[in-house]
Amino acid sequence: MIVRKLRLKRGWSQSQLAEMAGVTTRTIQRIEQGHRPSTETCKALASVFEVDLSLLQPEDKQMQNETELKADEQQALLYAKRMKEFYEFLITYVVLAAVFIFVFHAEPVVYIIFAGLGVGLIVQGLIAYEVVSFMSPGWEKRLVERKLGRKL
């Protein structure tokens, strides 16, 4: 998560960071999901971010605890990710709706399909703006606690 924090702090996309570091976008995605990067990848990222290598590759448990994100930072990053996904879906919906309605304006099935997609867009917006907490981290935590029969 520290890579994501540093990347967002600089306003870079995953593909921009990947290009600057000389790795694939998928590598950056994996690192941001918690996979451990190779030493070479850590060196490249440290160089791009202009930070000490130990920040990206903590050696001992104490240093690892210092570089981990706080709970509120993790929540904020998750919120930003959900908002980004919502707006990406919204833009895609608007563009596709405009094209399909223009091309197939006489076909009623197009209106039915986009009405259904519109409902999906509304639901995703409610989740992104945290109006509905379905499948949120809190929901997931409660589900795990219920399965375990105890608090985490």
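1. Accessible areas come from the Shrake-Rupley method with a 1.4 Å probe, and for residues only the protein chains shown count as cover. On that basis the protein chain has an accessible surface of about 10,700 Å², and 60% of this belongs to carbon and sulfur atoms.

2. This is a predicted model, in which local features need pLDDT of at least 70, side-chain atom pairs count only at pLDDT 80 or more, and totals for chains, interfaces and linings use all residues. Residues are numbered from 1 along each chain as its sequence is written, and side-chain values use heavy atoms, with hydrogens and water left out.

3. The protein chain has 9 helices and 0 strands; helices (H or I, at least four residues) and strands (E, at least two) are DSSP runs, numbered from the N terminus. Of its 152 residues, 25% are buried. Buried means under 20% relative accessible area, exposed over 50%, and partly exposed in between (1.4 Å probe, protein chains only).

4. T41 sits in helix α4 (residues 39-49). T41 counts as buried because its relative accessibility is 11%. Beyond its neighbours within four places in sequence, T41 is in contact (heavy atoms within 4.5 Å) with V23, T27 and I31.

5. R4 belongs to helix α1 (residues 2-10).

6. F104 lies in the loop between α7 (71-103) and α8 (108-128). With 39% relative accessibility, F104 counts as partly exposed.
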